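Please read them with the structure open.

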Amino acid sequence: MTSGSDGRRRPGGESARRRERPVPACLGVLGLAGVAGGVLAAALALPAVGGAGVFTRDASRSFFDTPSALREAPLPERTRLLDKDGKQFAQFYVQNRRSVDITRIAPVMLKAIVAIEDARFYDHAGLDLRGTLRAMITNTRAGEIKQGGSSLTQQLVKNVLLQNARSDGERDSARAPSIRRKLQELRYAMGLERKYSKDQILVRYLNIAYFGGGAFGVEAAARRFFGTTAADLTLAQAATLAGAVRTPSLTDPTLGPEHEKRLRIRRDLVLDRMSQLGMVPAVRAGAAKAGPLALDLRPEPGGCAESEYPFFCLYVQREIAVNPAFGQTRAERERRLYRDGLEITTTLDRAMQNAAQKAIAEYVRPKDSQVAAEAMVEPGTGRIRALAASKKYGNNPGGKDQGARTTYNLVGDIAHGGGQGFQAGSTFKAFTLATALAKGWKFDQGFDTPGAFSPSSGYRDCSGKNVSVPDAVVHNAGGEGKGGPYSLATGTWQSVNIFYMMLERDVGLCDVVRTARSLGVVRADGKPLKEVPTFTLGVNEMDPVTVAAAFATFGARGRYCRPMAVLEIAERRGRRTTVAPSCSAPIEEGVADAVNFVLSGVFTKGTMRGQGIGRPAAGKTGTNNGYTSAWFAGYTPELAAAVSLGDMRGAYKHPLDGVEIGGRSYGGVQGATLPGPIWVTSMEGALQDVPATSFSPPDHSRFGGGTTPGLSPEDQLAGRDPGDERGRDGGYEEEGEDRPRREGRLRRNWYHPGDRPFRPYPDDYSLPRVWERGWPPPRRRPPVHGAPYDRHDRYDRADPYEPGYWRD
């Protein structure tokens, strides 16, 4: 808190040069204390209070034992969250306060507070002897506090003691209506009078005082009551605030008409007092009294629920709370956030954030049980540019679990306010792809795959344990049992499950897990990754921030950067701390170039064919077993984004088949059905003003070629770029070509029951045979204890070894 100038201001308001208090005046303070003590002793000896002599000795001892130096902790200030361009989008506070120096407070406000609270403020040395003696005698006779005789300095002391209180007991002691407390206040006040000038004491009082309406300090009160600043207060406004400070709980205009009426009475009292003291002409005071209060109450939003971008706000809030870089303990970090008046510049890009929110709102509504969430991360820095979700942030009416609002940060992990997350599906195939390329695999190298696959051998986790599952069966997405030859490129573009299970076994499960970990992959719930054969099919629950940051590594040519939401922290005294990216290089540049080459074909030859964004892009769809969730993760050299979709009520209890989302009907939601279009729409908006750049071409002498038994020549890359067949629907377009707006995209999406993938059941279950003939498949059956085909844990999450098909 600034302390104000050293010059004095007289009650008339003119700025006067600072006068040094003469030494006898300082010594006079002690003389006055002695006189006060004598009078107090005489008053206490009156019959009105029995046993006062003993109490007087204790009170005197308390007075002289109290140290004169008052500990003044920094006042709680609001912390502001700013976007990357310095514009505020959220704030936190325990007390809504904006401390200002005396040059930013209207002179009429200084006059008003002195007139009503301590008219002799500039003439005494911290003790208004006349008023104090009068109050002491009255209060002693009554046996309790009946009159106030405190000077502004003593009132400042009381407020400081309340701020310093760390318990209810200390707060009660600071408010106790006792003579002992008044003597302690007096001694502290004498210390402040020696330490500060009058102006410094006055500005400290105006910054610490509570005015009602949740406003602490004159600046916050001016904004809260009148929508103005302390520097621009008028006479009537200043008198209103000065009148509110004595009993703010009784004059808070936000509490109703009766409180507002009391506030007006107090305002008029202040105006009368200012006129009596000659601070303002009587005519001017009368004109101010004749007018209404003219309140312009402005709410001061605090916390993430009232932020423009609540999920980004929540991420920053939790990041500061859990990251040791911002303080040694969680308590220290939270104190800094809520009390230290920081200005935190974040990585938020408003244009990208608005693009993500708009895209999600186009496809998913807040009242839908299904939720979509998207994170955008900058490759090469890890800076989070946008965090958006289909739900609004906050509590639902009536405390309902389901509704248009949620208190979960749907975009982040549990450490950042999120929940369990959703299984990431085939987006994890990108980590197996990167591992294979790093081990020397070629683009046209592959397998002749069977129609069904059992991970019965060859899978070991990173502890060396055999995690093969002989009784499990994996099918391709189509489910008809067809196998065939697939290369590294075509198996990725078509997202062939059996091919990737075989590839994972060939390159090593643990090596795939290590690749994922090196790209920052951790489970959303904070538990260890499940190192199981279906790891490459995405059995681990993830959050969009983690997935987007992992895919951003490929866009940055193998440079992984930990997701970051804070750029700089500025403290109230001017100290600035810049937060640098935390990066590593887990993927070789050449390998990343090869990954980009293959994943760019997803837009031109694969599951996202026809949904390009008119510039070089790469990505991977992900649809989970039984349509439990759907994903798309994609990137350009400038920006990476991941979109997840699932049902908040439980992904396994409420799969994404036969559902209506955003007013559209879906037979089954796949990664390219909803997350893909959301990604496309959001990336188009986010990058519209960002120049496009191309991926670095891969080294075909290193990664080109390879052999896959039975692979037709037209399916072999042989050094061709998957973008060669680009067009208006592809991920690449000719330079300068105008791209028309897509119309009627995904208005209704019906899938014929015969297109549903076959899911094996035990031999004693008859419906599969009917299903194979084209009848509609049954709904997912409830978990049956001991059933080998449908194992669940206590959270109703399917066992990762569940024999069944896996989507793309």
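Which residues do ring pairs link into a cluster?

1. The cluster consists of Phe428, Phe431, Phe535, Phe551, Phe554, Tyr635 and Phe695. Rings of Phe, Tyr and Trp (its six-membered ring) pair if their centres lie within 6.5 Å; planes under 30 degrees apart are stacked, over 60 edge-to-face, and the rest tilted.

2. A word on the basis of these notes. The model is predicted, so to speak of local features a pLDDT of at least 70 is needed, and side-chain atom pairs count only at pLDDT 80 or more, while totals for chains, interfaces and linings use all residues. Residues are numbered from 1 along each chain as its sequence is written, and side-chain values use heavy atoms, without hydrogens or water.

3. The whole structure holds 22 aromatic pairs. One of them joins Phe428 and Phe431 edge-to-face, with 5.0 Å from centre to centre and 75° between the planes.

4. Helices (H or I, at least four residues) and strands (E, at least two) are DSSP runs, numbered from the N terminus. Both Tyr635 and Phe695 are buried.

5. Phe431 and Trp679 have the most contacts inside the largest nonpolar core, which has 132 residues. Helix H22 (residues 589–604) gives the most to this core, nine residues. Such a core is a set of buried Ala, Val, Leu, Ile, Met, Phe, Trp, Tyr and Cys residues joined through side-chain atoms within 4.5 Å. In soluble globular proteins, nonpolar side chains tend to be buried together.

6. Beyond four places away in sequence, Phe431 touches residues including Val512, Leu519, Phe551 and Phe554; contact means heavy atoms within 4.5 Å.

7. Strand S20 (residues 566–570) has four of its five residues buried. S20 pairs antiparallel with strand S8 (residues 343–346) over four bridges, and Ile344 stands opposite Ile569. Three bridges join S20 to S21 (residues 576–578), also antiparallel. Two strands pair if DSSP finds at least two bridges between them. Five residues lie between the strands of the S20 and S21 hairpin, where Gly574 takes a positive phi near 100°.

How values were computed:
Buried < 20%, exposed > 50% of the residue type's maximum accessible area, 1.4 Å probe, protein only.
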